[in-house]
Amino acid sequence: MSAPYLLEVCGLEVAYGGIRAVQGVDLAVASGEIVALIGANGAGKTTTLKALSGLLPPKSGSLRYEGADVTGKPAYHLVRKGLSLVPEGRGVFPRLTVAENLAMGAYIRNDRHEIRRDFDRVYALFARLAERREQLAGTLSGGEQQMLAIGRAMMSRPKLLLLDEPSMGLAPLMVQKIFETVRAIAAEGVTLLLVEQNAKLALETCSRGYVMESGRVVLADSAAALLASPQVRRAYLGE
Amino acid sequence: MNLSAKVSGNPQLRWALWAAIALLLLTLPFATEALFGRSWVRIIDIALLFVMLALGLNIVVGFAGLLDLGYIAFFAVGAYGYALLASPQFAVHWPFYVLLPLGAAAAAVFGILLGAPTLRLRGDYLAIVTLGFGEIIRVLLNNLNRPVNITNGPRGITLIDPIQLGGVSLAQTHEIAGITLPAVHNYYYVFLFCAVLTIAISLRLQHSRIGRAWMAIRDDELAASAMGIHTRNLKLLAFAMGATFGGVAGGLFASFQGFVSPASFHLIDSIMVLSMVVLGGMGNVAGVVLGAVLLTVLPEALRYIGPLQQRLLGEVLIDPADLRMLLFGLALVLMMLLRPEGLWPVRRRSAKAEAAHGR
């Protein structure tokens with residue numbers, strides 16, 4: 001392997017008009033890792049993920065993916081290279097069926113045979129989706145929609161999956177279930193970068209973590225060290 | 001439901017059904033003329049043009065979810081393209097097989113011209129810009145008679161060539177094997193052919209990769225681009241494809257009427273086409289066809305209300321024109337309350353399946 005890291009971010013800045021939402025983020029994710037990005041509301045986590053997945057152009061800084069410079073490359077380029085985003089608030093297509101949503105995940109692929117096998121893989125991962133494959137996605141419960149959003153991203157055969165707040169608005173039991181799946185996906189060899197407000201659960205799932213505050217990374221350490229850090233405990237774990 | 005299941009399960013029955021529909025459509029102008037008179041054949045011709053228009057707008061609004069309130073402009077581009085190059089206006093008389101593709105291409109270019117600057121707009125804001133675009137085209141047509149006379153202004157263009165098929169003009173009455181075919185019948189068959197072609201293209205698009213990508217953009221544009229969909233190109237493609245249908249319908253309209261003027265391309269006409277799409281069932285091809293036929297035929301049927309009142313009551317109490325707007329408003333309110341997704345919405349069947357699932 002020539003590149004030690006699958007994804008390397010250097011000095012990333014993103015602005016909406018004049019407002020700088022992300023003001024210099026450095027982070028790196030190695031192949032096979034699960035990395036958490038935690039922080040309060042408005043810290044710039046979602047904006048960072050959008051920039052990493054090519055949905056927002058960075059104002060400055062550089063992105064390297066698989067050792068190649070991909071700064072400013074659009075999403076349709078990055079998805080083909082195996083970098084997929086599960087958007088915040090799930091973002092399923094409500095008026096398409098479950099099966100059609102999954103098919104959209106494989107939009108960039110044309111290996112029909114393999115796609116059919118991946119349908120089965122996703123249905124095996126989420127039995128609930130298999131039962132509801134002909135149902136409109138908009139009629140699913142919140143948890144089912146989150147499963148669908150993750151399953152849909154898996155249909156693109158990602159090497160690196162960016163997950164934006166998978167626990168948002170879900171009941172505790174469903175949150176547990178989603179995180180079990182996240183671990184199962186990681187066990188399949190998919191690298192994960194996880195944005196979460198539920199800092200405790202995120203850090204318990206991940207090996208390393210970054211803490212963001214007002215557009216900057218303020219802490220970067222192993223998950224265990226972050227969980228033990230008084231600063232994190234006070235700010236994010238409610239102690 | 002039961003019947004359709006029976007029909008789709010039995011191939012012989014299905015063929016018989018299709019044959020019956022084909023026979024009905026082929027004999028429709030004769031039956032209509034015998035029952036209601038020739039003016040009704042003309043109304044059916046117009047209905048077929050509106051089927052094409054509504055299906056074109058359905059690509060933009062129904063599939064891609066881009067609210068377009070200026071769609072009639074593409075109809076105008078097609079109509080004027082045909083009129084200018086097949087009339088005494090410039091003393092040019094090009095044949096229809098050149099002009100119809102040309103009109104389609106011109107409309108597609110205008111579609112992209114409208115689409116490109118509005119890529120980042122959605123919903124109400126897009127509606128406002130497209131509405132403005134529609135009016136710009138109409139005002140241009142109205143005023144391009146000075147200093148150089150191009151469009152002949154509000155007086156419009158007259159004496160437009162009819163479609164000539166192998167030296168035979170569709171505008172004349174022909175006698176084939178003892179069957180008399182007046183102009184409205186000739187055009188009926190041409191329009192029917194084009195409408196069926198439009199339906200076939202729409203159905204193919206709906207179930208294609210492109211069609212599903214449009215629907216994904218309609219449902220959630222951000223998630224769609226996260227799937228790797230090139231949203232900019234696909235939105236432009238939707239505008240261009242929709243405009244193409246409008247452009248062809250416009251060319252056919254010009255040759256059929258023999259006369260075009262800016263008065264045919266008002267905002268109310270855009271709203272009418274949009275109403276057809278919404279009334280029938282946005283995104284569902286069969287529903288849109290139904291909407292187009294109903295909204296062309298029903299207002300014409302209301303014309304009989306006036307004489308009917310005269311005969312029954314001895315005087316005209318309600319002016320048919322007022323009644324038309326009244327019923328139109330009532331229909332819209334009832335639709336919103338009872339069938340907000342249109343008369344024939346997409347996937348009614350799966351909605352039932354969902355109810356069975358208990359959710």
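Visitor: Where is Ser214(A) found?

Guide: Ser214(A) sits in the loop between strand E9 (208–213) and strand E10 (216–222) of chain A. Strands here are DSSP runs of E with at least two residues, helices are runs of H or I with at least four, and both are numbered from the N terminus. Before we go on: this is a predicted model, where local features need pLDDT of at least 70, side-chain atom pairs count only at pLDDT 80 or more, and totals for chains, interfaces and linings use all residues. Residues are numbered from 1 along each chain as its sequence is written, chains are lettered from A and ligands numbered from 1 in the order in which they are written, and side-chain values use heavy atoms, with hydrogens and water left out.

Visitor: What is the phi of Ser214(A)?

Guide: Positive, about 35 degrees, although Ser214(A) is not a glycine. Most residues other than glycine have a negative phi.

Visitor: Switching to chain B. Which residues does the cis peptide bond join?

Guide: Arg146(B) and Pro147(B), with omega about -10 degrees. Pro147(B) lies in the loop between helix H6 (123–143) and strand E3 (164–165) of chain B.

Visitor: Now the interface. How many residues of chain A are in contact with chain B?

Guide: 30 residues of chain A contact 23 residues of chain B. Contact means heavy atoms within 4.5 Å. The two chains bury about 2500 Å² between them, 60% of it on carbon and sulfur atoms. Buried area is the accessible area (1.4 Å probe) that two parts lose on being put together, summed over both.

Visitor: How many salt bridges between chain A and chain B?

Guide: One. The side chains of Arg95(A) and Asp219(B) form it, at 3.3 Å, N to O. The rule is a side-chain nitrogen of Lys or Arg within 4 Å of a carboxyl oxygen of Asp or Glu.

Visitor: And which elements of chain A touch chain B with two or more residues?

Guide: Helix H2 (75–80), helix H3 (98–105) and helix H6 (142–154) of chain A. H3(A) gives the most, with four residues.

Visitor: How many salt bridges over all chains?

Guide: The count comes to 22. One of them pairs Glu13(A) with Lys59(A), at 3.9 Å, N to O. That pair links distant parts of the chain, 46 residues apart. Glu13(A) is in strand E1 (residues 7–16) of chain A, and Lys59(A) is in the loop between helix H1 (45–52) and strand E4 (60–65) of chain A.
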